[in-house]
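Trainee: Before we discuss anything, could we put the model on the screen and go through it by question and answer?

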Amino acid sequence: ALRKHGIDDTSAVDLRRLPTELQTVWHLRAQNGLVKLGLQDDYRLLLCLGDPLGEKFRELRLDDRARSPLSARNRSILAHGFEALSRKSYERMLHLTLELAGLEISELPRFPRIGTIDGPSGLLP
């Protein structure tokens, strides 16, 4: 979505290309006029640019760092932390991700199962 707005690399965004309100907030993070954006920042930028995906992210309350399931993801071994992700957190994140992407679970790729593995098959019970 950011590519539609001319931003191809969020690891080094020219501060001058950002909306004024974000320049004001993010200028302290800039190095040599460039700012590195994280996932939450990407969606905040989309929101400021009037992109529907940024609005959808906000509607789903994924921008609330304290309550967002992204916080559990960030603490998990799947991202930056060392905690196991609970089934409840996984299912909530899956549901919200599908909603954000405008997809149904049936549209996700299925990989063949090799051998026998104990436990549930598929993504959800």
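Predicted model: local features only at pLDDT ≥ 70, side-chain atom pairs only at ≥ 80, totals over all residues.

Trainee: How do helix 2 and helix 3 lie to each other, parallel, antiparallel, perpendicular or oblique?

Mentor: The axes of helix 2, residues 39-48, and helix 3 come within 7 Å and cross at roughly 120°. Since angles of 65 to 115 degrees count as roughly perpendicular and those over 145 as roughly antiparallel, the arrangement of helix 2 to helix 3 is therefore oblique.

Trainee: Which residue caps the N-terminal end of helix 3?

Mentor: Helix 3 spans residues 52-59, and the backbone nitrogen of leucine 53 lies 2.9 Å from a side-chain oxygen of the capping residue, which is aspartate 51.

Trainee: Which residue with a positive phi follows helix 3?

Mentor: The phi of this residue is near 60°, and the residue that follows helix 3 in this way is arginine 61.

Trainee: Is glutamine 40 buried or exposed, and which backbone oxygen does its side chain reach?

Mentor: Glutamine 40 belongs to helix 2, and because its relative accessibility is 13%, below the 20% cut-off, it counts as buried. Beyond four places in sequence, glutamine 40 touches Phe57, Leu62, Asp63, Arg65, Ser68 and Leu70. At 3.0 Å, its side chain reaches the backbone oxygen of leucine 62.

Trainee: And aspartate 41, which backbone nitrogen does its side chain reach?

Mentor: Aspartate 41 is likewise found in helix 2, and with a relative accessible area of 9% it is buried. Leaving aside neighbours within four places in sequence, aspartate 41 is in contact with Trp26, Arg29, Lys36 and Arg65. The backbone nitrogen that its side chain reaches, at 2.9 Å, is that of glycine 38.

Trainee: How far apart in space are phenylalanine 82 and proline 52?

Mentor: Phenylalanine 82 sits in the loop between helix 4 and helix 5, and with a relative accessible area of 79% it is exposed. Residues up to four places away aside, phenylalanine 82 touches Arg75, Ser76 and Ile77. Phenylalanine 82 and proline 52 are 30 residues apart in sequence, and their C-alpha to C-alpha separation in space is 33 Å.

Key
Residues numbered from 1 in each chain as written. Heavy atoms only, no water. Polar contact = N/O pair within 3.5 Å; in protein donor to acceptor, adjacent residues only side chain to side chain. Helix = DSSP H or I, 4+ residues; strand = E, 2+ residues; numbered from the N terminus. Axes fitted to C-alpha atoms, helices over the stretch in contact; angles between N-to-C directions. Parallel < 35°, antiparallel > 145°, perpendicular 65-115°, else oblique. Buried < 20%, exposed > 50% of the residue type's maximum accessible area, 1.4 Å probe, protein only. Contact = heavy atoms within 4.5 Å.
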